[in-house]
There are 2 protein chains.
Amino acid sequence: MKEVNIGLLGCGTVGTGVARLLLNNTDLISARVGARLNLKKVADVDITTDRGVAFPDGVWTTDADAVVRDPQIDIVVEMIGGKGIARDLMLKAIDHGKHIVTANKALLASHGNEIFQAAREKKVDIGFEASTGGCMPVIKTLREALVGNRIQTMTGILNGTCNYILTKITAEGIPFEDALAGAQEKGYAEADPTLDVDGHDTAHKLAILSALAYGMPLNLDDIYVEGISGITPGDIRFAEEFGYRIKLLAISKNNGDSVEARVHPTMIPITNILSSVNGAVNALMINGDAVDDIMLYGYGAGMMPTGSAVVSDCVDIARNLISGRAGRVPYLSYQAENIRNIAITSIDAVMTRYYFRFSALDHPGVLSKISGILGEYDISIKTVQQKGRKTNGSVPLVMQTHLANEASVQKALKRIEELKVVSTKPVFIRIEDDTILE
Amino acid sequence: MKEVNIGLLGCGTVGTGVARLLLNNTDLISARVGARLNLKKVADVDITTDRGVAFPDGVWTTDADAVVRDPQIDIVVEMIGGKGIARDLMLKAIDHGKHIVTANKALLASHGNEIFQAAREKKVDIGFEASTGGCMPVIKTLREALVGNRIQTMTGILNGTCNYILTKITAEGIPFEDALAGAQEKGYAEADPTLDVDGHDTAHKLAILSALAYGMPLNLDDIYVEGISGITPGDIRFAEEFGYRIKLLAISKNNGDSVEARVHPTMIPITNILSSVNGAVNALMINGDAVDDIMLYGYGAGMMPTGSAVVSDCVDIARNLISGRAGRVPYLSYQAENIRNIAITSIDAVMTRYYFRFSALDHPGVLSKISGILGEYDISIKTVQQKGRKTNGSVPLVMQTHLANEASVQKALKRIEELKVVSTKPVFIRIEDDTILE
């Protein structure tokens, strides 16, 4: 039987998952692939801790550099993370003609254009299924299953930590801080959860998905990002009364000459299936011109789900090696010469619907002041409700708008904030209900 | 640019969708694949009806036989359907060294072992993504994305017609016949809906999925099948009160030396995301040892969604042609020499939970008679409720059981049916709530 040799760089949680699958499911994988995937080398600074996996003799090394230069190694699996040493080793491995598999979304979102160019020159494959959506085959689906579709929109729950937190707040009515603490206790959130709850992890993934969907270079910088730390149980309750749930969404729309790409808390109809995606899972709804709406759902993180995606990439590359040809599917879905710069629309230019919550004095005339300012900025109100009566002298005044322009909304809210009858900074949450499946 | 020539056999609804995608999205597909997919020939008995697509000159023919023999054709797309002429043409095309793409689940489920064997000998590829789950990449996900996973269970809503009908009954409380008429009016159900509502279409798909998941030959005959025509609004309402929805599910479980594979109406918890899959869509939940639960969701039928799956298969084969090697991924996921006969458990041996509805006289002592018989057969009751009072002298008596054996249940129900106090045939619906995601 043919053999394909794998060198693993970094044996933390996901790296251990990869090793466990390659070692425990060896026969199963061979039975399917018709080749043997050998875990030949494992490089880590810590080579003594027991990972609960029976590694073959002689695989451990602290010398990652030797692994990327080892002529016996066919595929380098980079599980180090971060943008420093991981990037150096990946480029060096490519330079030595190794194929790469990685889960490093931050690195690809920031330096992907350079890395893919280097790989193109050396004619090596790069698998990065595990970078986005964990075990869900989002990359394979965009690059292969939907190859005949013009992608029109993508709407995704791409961070399990945030989704767990929002699910907890929704179910239990507890504040954000308590839900976050619960997520940390359960091991769903990092000690420093900033990258997750601020939406940047989701933005990394959206940069990758947008490049794949539309045939554009990776462009992380122009993605608008807003996190979930400002979401209160009250807003979630009001949303529910309007028939909505609040999710942290990655939203991307293809407007032809430009695309939207933004990450923010969003109200979506309870009847939309994304509203039923609860807990530490991910889901991505893709709309293509042929398939209409299609959704993937699964664990977006974790040792074994992510390990599964890495192994799937290793197998794809092994199959290419057997057939003697890398580059079977282009990295970013389109052939290099067809990738073109497509602008990401500034958030200021986006048109969407809005939910507003004002803390206003319970006075006659307050609504007319607020709605007068909204009217000046061409923001028309769909519904308005005063929720309960006075707390600290003011009451929540809750509104839904029709389609409105973001820049106008920001200007209007600033003017309203300055009103004497308004006691705190207005809250706004964007609403999406036209473009995604009912 | 390299060219790959396609011959289309059958230009009905899905065939037209395939042609439309290949012709309208030509540039998009070329930009991704780096090769041009030419629709070279279209064979149909009707070559005059306007399909609303601008076909190139000279593609039409009534001579399907000439297409499968045409040395210029690389890929034959079989969209004729049925098991007669479609099978003959497919085998002839294989014999002429053509690669095949098909959506014909009935043909594959019944004659797939013979067809795959012929293709293996001729070293040609067979793409059948469109046979199961329409636009959802279920075949690709099982064969490639989950290649490192031992598949443990599959739970699927695989017939959009049935799901539309059940959704309508649930939402509107109308009888089965009215919901079916509505589905026919909307074009979701065929004039003869038997294959759909009796569950056989779902069984065809489950035969294909089980072969792919477990590495066994296609085995349609041993799949237990039960349709939805007996489902009443009342049972749906009672299910809802217990916290369940009723869906027509394809259920498959890997028990190691044997597998379960069955199709029947099933109660699943409302909190399970499959309960939120409403309308004419499909969804498949797969549990793998690494990924845990992963779900695909999308349109399982229709011109363009199915066309999208066909085009994805054409592209996969085109990529293999460019790299000069067919057979990159084995047809049924496992290498031929690793496919082994695995028995499908008889429905009699299945253990699951049950919902029963009896029409019983509103007498003291009735419950004790019924529960006495159940006890004799080792069927223990979890809940029991009398619903309302007399209608036609009897009342609905509704029960949920703990895990019980199917054969025992059938025997007990037959005994209960013979009781004088029971006025109609007892209704039973199987419940699944342990093995699928909460």
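Q: Which residues in α12(A) does α1(A) meet?
A: In this predicted model, the α1(A) side of the contact includes A:Thr13, A:Val14, A:Gly17 and A:Leu21. By class, the contact between the two helices has eight nonpolar, six polar and one charged residues. On the α12(A) side, the partners are A:Met303, A:Met304, A:Thr306, A:Gly307, A:Ser308, A:Val310 and A:Val311.

Q: At what angle do α1(A) and α12(A) pack?
A: Two packed helices are described by the angle and the distance between their axes. Here α1(A) passes α12(A) in a right-handed crossing. The axes lie 8 Å apart, and the angle is about 60 degrees.

Q: Which element gives the most to the side of chain A that touches chain B?
A: Chain A puts 52 residues into the contact, and chain B also puts in 52. Elements giving two or more residues on the chain A side are α2 (26–33), α6 (138–145), β12 (292–298) and α12 (303–322). With nine residues, the top contributor is α12(A).

Q: How many residues on the side of chain A that touches chain B are nonpolar, and how many are polar or charged?
A: Chain A gives 52 residues to this contact. Split by class, they come out as 26 nonpolar, 16 polar and 10 charged.

Q: What kind of axis relates the two copies?
A: Chain A can be laid on chain B with an RMSD of 0.1 Å. That takes a turn of 180 degrees and a shift of 0.0 Å along the axis. The copies are therefore related as by a two-fold rotation axis.

Q: Which residue of chain A has the C-alpha nearest the axis?
A: The same surface serves both copies, as 100% of the contact residues of chain A recur in chain B. The C-alpha in question sits 2.4 Å from the axis and belongs to A:Leu296.

Q: Which residue of β12(B) stands opposite A:Gly298?
A: β12(A) pairs with β12(B), residues 292–298 of chain B, over five bridges. The pairing is antiparallel. Facing A:Gly298 is B:Ile294.

Methods
Residues are numbered from 1 along each chain as its sequence is written. Chains are lettered from A and ligands numbered from 1 in the order in which they are written. This is a predicted model: local features need pLDDT of at least 70, side-chain atom pairs count only at pLDDT 80 or more; totals for chains, interfaces and linings use all residues. Copies are superposed by least squares on the C-alpha atoms of residues with pLDDT of at least 70 in both. Two residues are in contact if their C-beta atoms, placed from the backbone, lie within 7 Å. Helices (H or I, at least four residues) and strands (E, at least two) are DSSP runs, numbered from the N terminus. Ala, Val, Leu, Ile, Met, Phe, Trp, Tyr, Cys and Pro count as nonpolar, Asp, Glu, Lys and Arg as charged, and the others, Gly among them, as polar. Two strands pair if DSSP finds at least two bridges between them. Axes are lines fitted to C-alpha atoms, for helices over the stretch in contact, and angles run from 0 to 180 degrees between N-to-C directions. A crossing is left-handed if the near helix is turned anticlockwise from the far one by less than a right angle, and right-handed if clockwise.
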